[in-house]
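Subject: Structure for your review

Dear colleague,

Please find below the structure that I am handing over to you.

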Amino acid sequence: MLDMKLLRSNLEEVKQKLQHRGEDLNDLDKFAEWDEKRRNYITETEQLKAKRNEVSKEIAMLKKEKQDADDKIKEMREVGDRIKEIDQELREVEEKLQELLFSIPNIPHESVPIGESEDDNVEIRKWGEVPQFDFEHKPHWDVATELDILDFERAGKVTGSRFVFYKGLGARLERALINFMMDLHADEHGYEEMLPPYIVNRASMTGTGQLPKFEEDAFKLEDWEYFLVPTAEVPVTNYYREEILNVDQLPAKFTAYSSSFRSEAGSAGRDTRGLIRQHQFNKVELVQFVKPEESYDKLEELTGHAEKVLQLLELPYRVLKMCTADLGFTAAKKYDLEVWMPSNDTYREISSCSNFEDFQARRAGIRFRREAKGKPEYVHTINGSGLAVGRTVAAILEHYQQADGSVKVPEVLVPYMGGKTVITK
RNA sequence: GGAGAGCUGUCCGAGUGGUCGAAGGAGCACGAUUGGAAAUCGUGUGUGCGGUCAACGCCGUACCGAGGGUUCAAAUCCCUCGCUCUCCGCCA
């Protein structure tokens, strides 16, 4: 959510900054009208309320002295009716205004490249060598199915498409990766570990920006105003919803493992095979609540924390700076980490690191105070995957496969795999 | 699932229709006192919105779990919902 005061004073400038996002902004023109209406209603109703409060005190006095107050009571009854009318109008215009505010995306940071599509994202660095294989190379789903460590078919029977069973050392590998990532972020990168609820309420989904606009992307529980989390970002960011933090709590850094659930509405037919696009996947998330002046430095730092996972796993990747058209609704700036995926012969997204500035904080009411009596200010929130675990497994299976069909265990994972150095049949 | 109790400011806690943004206490901040500290005394100590101001601020309004209702007037009465606690049942 954007600052209403900013919209009030610089509407044209905001529109200009948003124009490269490729979003429909026609409603923005209504802002000035509704905002003015709202303020007029407020002024009017508050004046009447002041009057009512005043006269009510007089009525109390009169009654105490056993005097007649019928005239004043009658007058106030009319005032009360009028207040009700105006409040109703006010409520209606505020609803429209809020709907509008919730539909406006975040303003891109000045360092974000202007672009029309994902083709305009800018590669800013590359790490590692793209591998050459001297044997017939297989996609990860074939590697895994032959080793009997992933079972897509039975998952289709038990649940449906885009679900999977991990088995044996496959399940162990997923668990090893989760532990490895969590340990790295908790012990080396200074994040506090968190295990959040997998189900959240509507207010939380609204706080981080999934709702109201993207409800079709989420799994909603029937008969409940509850949603399966699409990412641990939602519960962890909302941990401090409607709170005022002390400045010495910042930066607050949390790393959380959770399963993530996405309906994948609109991506029918894409990545139908393998682990790349599942309705349920595991993810280790990094979330930071920071002071506004630090958020861009912290974004670089957090992105580095995610990159460190790929480096330790020795998986080649590149970092993309997302352009205005590919920022998503909530981010002011975003880096994607893409791992080389041999079966696709291209890089595939494995992490997304974003600075939301105060966009989420304003929606979720997360503030901090610099001094004991200072005015509360909105924090900045940043987060990133560190990493998407399923896609990491896919990358490992493809990069570490050997000619005989076995898969070597990356060195850093060996202790997490009970000492096993290779996955064989 | 059944029965009951509760939800008030940073915290504890009083308040069952009028002068209550809310007693009292604790905490915290500042000042006095002190060589320094403790103790003591004094002052202050929420947020949103609207208005006003160069600014400190000031004025108005709203907020006592959330939302609705009754009333001239609601922390206080009524309804719905949420959460917490206790007992019973069930259960990993």
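**Findings**

Three strands make up an open sheet of mixed pairing, ordered β7-β13-β14. Its edge strands are β7 (243-246) and β14 (377-378), each of which pairs on one side only. Please note that this is a predicted model. Strand β13 (residues 366-369) pairs with β14 in the antiparallel sense, over two bridges, and R367 is found opposite Y378 in β14.

Strand β4 (residues 192-194) runs parallel to β8 and is joined to it by three bridges; here E192 stands opposite F254 in β8. Strand β9 (residues 280-290) also pairs with β8, in the antiparallel sense and over ten bridges. S258 has K283, in β9, as its bridge partner.

Turning to the helices, I would draw your attention to α4 (residues 140-147), in which H140, W141, V143, A144 and L147 are buried. Viewed down the axis of α4, these buried residues fall within an arc of 160°, so they line one face of the helix. In an α-helix there are 3.6 residues a turn, so residues three or four places apart point the same way. What do the buried residues of α4 pack against? Their partners are β2 (150-151), α5 (152-158), α11, β16 (407-408) and β17 (422-423). After α4 comes D148, which has a positive phi, near 60°.

Helix α11 (residues 389-399), one of those partners of α4, also packs with helix α6 (residues 168-188). The angle between α6 and α11 is about 115°, and their axes lie 10 Å apart. The crossing of α6 past α11 is right-handed. On the α6 side, the residues in contact are L173, E174, L177, I178 and M181; on the α11 side, they are V389, G390, T392, V393, I396 and L397. Sorted by class, this contact of α6 with α11 comprises eight nonpolar, two polar and one charged residues.

With kind regards

Key. Residues numbered from 1 in each chain as written. Chains lettered and ligands numbered in written order. Predicted model: local features only at pLDDT ≥ 70, side-chain atom pairs only at ≥ 80, totals over all residues. Heavy atoms only, no water. Axes fitted to C-alpha atoms, helices over the stretch in contact; angles between N-to-C directions. Helix = DSSP H or I, 4+ residues; strand = E, 2+ residues; numbered from the N terminus. Left-handed = near helix turned anticlockwise from the far one by under 90°. Contact = heavy atoms within 4.5 Å. Nonpolar A, V, L, I, M, F, W, Y, C, P; charged D, E, K, R; others polar. Pairing = 2+ DSSP bridges. Buried < 20%, exposed > 50% of the residue type's maximum accessible area, 1.4 Å probe, protein only. Arc of directions from axis to C-beta.
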